[in-house]
Amino acid sequence: MTDVTKLKSWQALESHARQKKVLTQLFASDPARFRKLSFALPGLLVDFSKNLVTEETISLLVKLAEEANLEKARDAMFRGDKINTTEGRAVLHTALRADPEKPLTLDGQNVAEDVESVLQRMASFTSEVRDGVWRGYNGKEITDIVNIGIGGSSLGPRLVTEALAGYYPLRLQAHFVANVEASDLALKLKGLSPETTLFIVASKTFTTAETMQNANIARSWIVNHYKDEQAIARHFVAASTNLEAVKKFGIAPANMFPFWDWVGGRYSVWSSIGLTVMLMVGEENFMEFLAGARDMDEHFRSAPLKQNIPALMGLIGLWYRNFMQLPAYAVIPYHACLGRLPAFLQQLDMESNGKSVTRDGEPVTAPTGPIIFGEPGTDAQHSFFQWLHQGTDVVPVDFIAAVKTRFGNKDQQTMLLANFLAQTEALMAGRENKAEPYRNFAGNRPSTTILMDELDPRTLGMLIALYEHRVFTQGVIWGIDSFDQWGVELGKVLAKALEAEIKSGKPSAHDGSTVGLLEYIAAHNR
């Protein structure tokens, strides 16, 4: 694999980065800057004009993408090539939202038919629950859905379900349990009735330690109430690939909704892992969610790189990370319903591109995935925005808002949008106050603005797919495998041994700190 830092375009970008760029001057010298650097799809506008880039910057970044074979790698992903090299798997989350009329063959199987079959089963089950046909063991209608999963089996469904809260039926409520810490599940169950609660156990292998610990406690909660293990079949369903483990748990095979090994956890909300989403928003809205992602897929797949929104978003992020040495960026959704978006993107980006080895097993030669953080605006304006505006570090920001809202009144939305726009302008333009230096704002701090016409299922699908392809773009250029996650394994392995030692109160050979901590736990856990 070619060392990306040796490419001509990389070296040209290093030289170009030494030229100072002042945003206010760039706007003053080019009245058409917004028009040139903003791009729209139906329902979505992305404005790159407040970034520290020029037309030359974009041209050089596009040249870098071409030299790194981004388009070839993109086509390989959509085709179903096994681009997850360390696990020998295809990466086909795009097939989960593709046109079902267009065949896609993988290992001799039409993937499109498989996806459509599972979607139809999910839709049938959704109708039964929402219409009150599917009932608990004693015949009562389901009122509460509890999603038990972790990582991508929780973050994605929770983000989408909460983002589309305005589409819930009156009778149903959704709850999410991910943390193995006891209060997460216990406090959720405290307010629920076993007779009207449906659990969705979301685990590809049905062996994930945290998920199965919580699932087994929830199982006992149901059995202890009914005094009959047959009740499990009416209060539990699974999104999984492990039929035998699901059956052993007590879930009927007909109530297991499968997905495939070419679906990575953080890319799985489009699959049966999104069953909670479909239950809460309905089949039609879930299909709109998939359609929005499909719109973004088609744009990413076909648009020239100079007009390709996800590719440009990834390239501009790489510009800051590698050429301006900015290690972090913030994501600020100005919509309360998108409160979980920053956490979702932390997994999507940092688990995908937090790598230090290339696909060839060699050390990377440039910094990879950035630190991501964020909170909803306007809340965040009263926490870390002081640091964004006047701190010593420059942090690029993605600002996200909807023009229209389904809730509240017009004055609220006007106030929100005014704050949203004011922050992007203040970061860019700054303000000088010689008499009172503490009121100085340096300005020249970059941001990308994403405007949705409205936060609805389709635009949400577009937004999430946009970030997926942003991450993919950067991973290709860095030469890393964005679809494995070996970094989570070591801690899990060590935890298994430590769990036994905590139970026994007898530490084995560890470093001095770990032994001391084990002894303290043993002394205070009697």
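Q: How much space lies in the largest pocket?
A: This is a predicted model, in which local features need pLDDT of at least 70 and side-chain atom pairs count only at pLDDT 80 or more, while totals for chains, interfaces and linings use all residues. Residues are numbered from 1 along each chain as its sequence is written, and side-chain values use heavy atoms, with hydrogens and water left out. A pocket here is an open set of points, on a 1 Å grid over the protein atoms alone, with protein on both sides within 12 Å along at least five of seven lines, and its volume is the space filled by probe spheres set on the points, which are joined across faces, edges and corners. For the largest pocket, this space comes to about 1,400 Å³.

Q: Which of the residues that line the largest pocket are the closest to its centre?
A: Lining residues are those that have an atom within 4 Å of a point, and the largest pocket has 44 of them. The closest of these to the centre of the largest pocket are Ile150, Thr208, Ala209, Glu210 and Lys492.

Q: Which element gives the largest share of the lining of the largest pocket?
A: The elements are DSSP runs numbered from the N terminus, with helices (H or I) of at least four residues and strands (E) of at least two. Two or more residues of this lining come from each of α7 (152-163), α9 (209-226), α15 (341-353) and α19 (489-504). The largest share, which is seven residues, belongs to α19.

Q: Which residues of α9 are buried?
A: A residue counts as buried under 20% relative accessible area, as exposed over 50%, and as partly exposed in between (1.4 Å probe, protein chains only). Helix α9 is among the elements that give two or more residues to the lining of the largest pocket. Its buried residues are Thr211, Met212, Asn214, Ala215, Ala218, Arg219, Ile222, Val223 and Tyr226.

Q: Which residue takes a positive phi just after α9?
A: The phi in question is about 60°, and the place to look is just after the end of α9. The residue found there with this positive value is Lys227.

Q: Is Phe206, with its positive phi, buried or exposed?
A: Phe206 is a residue other than glycine whose phi is near 60°, and its place is in the loop between β7 (197-202) and α9. Because its relative accessibility is 4%, Phe206 counts as buried.

Q: Is Gln325, also with a positive phi, buried or exposed?
A: The phi of Gln325 is near 55°, again in a residue other than glycine, and Gln325 is found in the loop between α14 (309-323) and β10 (328-334). Because its relative accessible area is 57%, Gln325 is exposed.

Q: Which element gives the largest share of the lining of the second largest pocket?
A: The second largest pocket holds about 670 Å³ of space, and among its 33 lining residues Met1, Ala68, Arg359, Val476 and Gly479 lie nearest its centre. At least two lining residues are supplied by each of α5 (70-79) and α18 (457-478). The largest share, five residues, comes from α18.

Q: Which element gives the largest share of the lining of the largest cavity?
A: A cavity is a set of grid points where a 1.4 Å probe fits but cannot get out, and the structure holds three cavities of 30 Å³ or more. The largest cavity has about 150 Å³ of space and 19 lining residues, with Gly317, Tyr320, Tyr329, Pro396 and Arg470 nearest its centre. At least two lining residues come from each of α14, β10, β12 (397-404), β13 (447-454) and α18. The largest share, five residues, is that of α14.

Q: What volume does the second largest cavity have?
A: The residues that line the second largest cavity include Ala163, Leu164, His335, Lys404 and Glu454. The volume of this cavity is about 50 Å³.

Q: Where is Thr378, which a cis peptide bond joins to Gly377?
A: The omega of the cis bond between Gly377 and Thr378 is about 15°. Thr378 has its place in the loop between β11 (371-373) and α16 (385-390).
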